[in-house]
Amino acid sequence: MTKPNHRTGKKKLPEALARVSHMEALFDKLTLALRNTPERIEKDAELRAAAGELAAYQASGDWLRDYELDEQGMLPADLKRGVLSQDTLYELLCSPEIEAVLAEM
């Protein structure tokens, strides 16, 4: 775990909060679609875009920076942050329906 750098973290905190909230909303949307209507994922442009955006987030340094902010206790306790779970996002993106979408991108 990275040592807390509260000065740097505080500067980037509003950006991180907005990003985590946005990614959490995409995560929830895809999870719900996967659970209820998985066949829609390949056909729905909005869901395809959400999958691409979440995959890019996971692959970028943003996910790790947001995760580290959470580990340092810098994110508010009431912030929904399932997307920062080490396994949850990976498992969603590795589902066959979403892997198929990502392979076509």
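I began with Asp-62 and Arg-65, whose side chains meet in a salt bridge with N and O 2.8 Å apart; the term stands for a side-chain nitrogen of Lys or Arg within 4 Å of a carboxyl oxygen of Asp or Glu. I keep in mind that this is a predicted model, in which local features need pLDDT of at least 70 and side-chain atom pairs count only at pLDDT 80 or more, while totals for chains, interfaces and linings use all residues. I number residues from 1 along each chain as its sequence is written, and the side-chain values use heavy atoms, with hydrogens and water left out.

I then looked up where this pair sits: Asp-62 and Arg-65 are three residues apart in helix α3, about one helical turn (helices are DSSP runs of H or I, at least four residues, numbered from the N terminus). Asp-62 is partly exposed at 24% relative accessible area, and Arg-65 is partly exposed at 46% (buried means under 20%, exposed over 50%, partly exposed in between, with a 1.4 Å probe and protein chains only).

Next I followed Asp-62 to Arg-19, with which it forms a salt bridge whose closest N and O atoms are 4.0 Å apart. This pair links distant parts of the chain, since Arg-19 lies in helix α1 and Asp-62 in helix α3 (residues 61-71), 43 residues apart.

Conventions: Helices (H or I, at least four residues) and strands (E, at least two) are DSSP runs, numbered from the N terminus.
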